Amino acid sequence: MKGLKRIWNFIEELSAGTFFFAGISLIFYGVIMRYIFNEPKAWVEEIVRYLIIWGSFIGFAIALRYNHHIQVDILYDKLSKGAKRIVDLFATIVCILFCFAFTYYGLILVEARYSSGMVSLDVGIPMWIVYLILPISGILFLLRFIERFVNQLRGQEENYDNPIT
């Protein structure tokens with residue numbers, strides 16, 4: 001199981017990093033084409049937007065793994081250990097329900113874009129591909145919250161490694 005988790009973590013980080021790296025590289029290419037060769041490429045901005053969005057949505061799942069999302073915990077810190085456990089379980093259940101809705105409506109949006117045949121303006125990418133990140137990230141979030149829920153039920157303390165330090 002640890003090996004599968006390690007592979008899953010690696011794939012998340014690799015894909016998010018790849019999307020960001022490709023986006024930043026294209027920004028650099030666009031700047032060079034515009035200011036050095038005086039030949040701006042209109043398609044660069046559109047592709048960069050999609051790459052950065054995909055990288056961000058996958059990165060949200062990584063932030064969830066390390067518990068780096070914004071939290072307001074003024075009252076939470078004052079609760080007893082038992083009350084904290086109940087609040088954690090409730091919050092995780094609400095997040096799981098949100099992930100189901102997010103994934104479901106993301107799939108509806110993808111299907112609508114697929115049925116309409118809508119394409120992007122400059123490049124002509126089918127928009128259903130662009131919107132496909134919504135159900136994909138919804139599933140990634142859902143898996144992370146299910147993992148968190150199982151750990152909470154087992155009473156395991158959540159140890160969040162900080163990848164920055």
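At 37% relative accessibility, Lys5 is partly exposed, where buried means under 20% relative accessible area, exposed over 50%, and partly exposed in between (1.4 Å probe, protein chains only). The model is predicted, so local features need pLDDT of at least 70 and side-chain atom pairs count only at pLDDT 80 or more, while totals for chains, interfaces and linings use all residues. Residues are numbered from 1 along each chain as its sequence is written, and side-chain values use heavy atoms, with hydrogens and water left out.

Seven salt bridges are present in the structure, a salt bridge being a side-chain nitrogen of Lys or Arg within 4 Å of a carboxyl oxygen of Asp or Glu. Side chains of opposite charge can pair when their charged atoms come close. One of the salt bridges joins the side chains of Lys5 and Glu147, at 2.8 Å from N to O. Lys5 belongs to helix 1 (residues 2-35) and Glu147 to helix 5 (residues 133-153), so this pair ties together parts that are 142 residues apart in sequence. Helices (H or I, at least four residues) and strands (E, at least two) are DSSP runs, numbered from the N terminus. Glu147 is partly exposed, its relative accessible area being 21%.

A salt bridge is also formed by the side chains of Arg144 and Glu12, with an N to O distance of 2.6 Å. This pair, too, links distant parts of the chain, since Arg144 is in helix 5 and Glu12 in helix 1, 132 residues apart. Arg144 and Glu12 are both buried; for Arg144, the relative accessibility is 3%.

Within helix 5, Glu147 and Arg144 lie three residues apart, about one turn of the helix. Their side chains meet in a salt bridge of 3.1 Å, N to O. Through salt bridges that share partners, Lys5, Glu12, Glu13, Arg65, Arg144 and Glu147 are joined into one network.

The cysteines were examined for disulfides. A disulfide is a covalent bond between the sulfur atoms of two cysteines; the criterion applied is a pair of cysteine sulfur atoms within 2.5 Å. By this criterion the structure holds zero disulfides. Cys95 is in no disulfide, and the nearest cysteine sulfur, that of Cys99, is 6.7 Å away. Likewise, Cys99 is in no disulfide, its nearest cysteine sulfur being that of Cys95. Cys95 is partly exposed, with a relative accessible area of 27%, whereas Cys99 is buried, with a relative accessible area of 1%.
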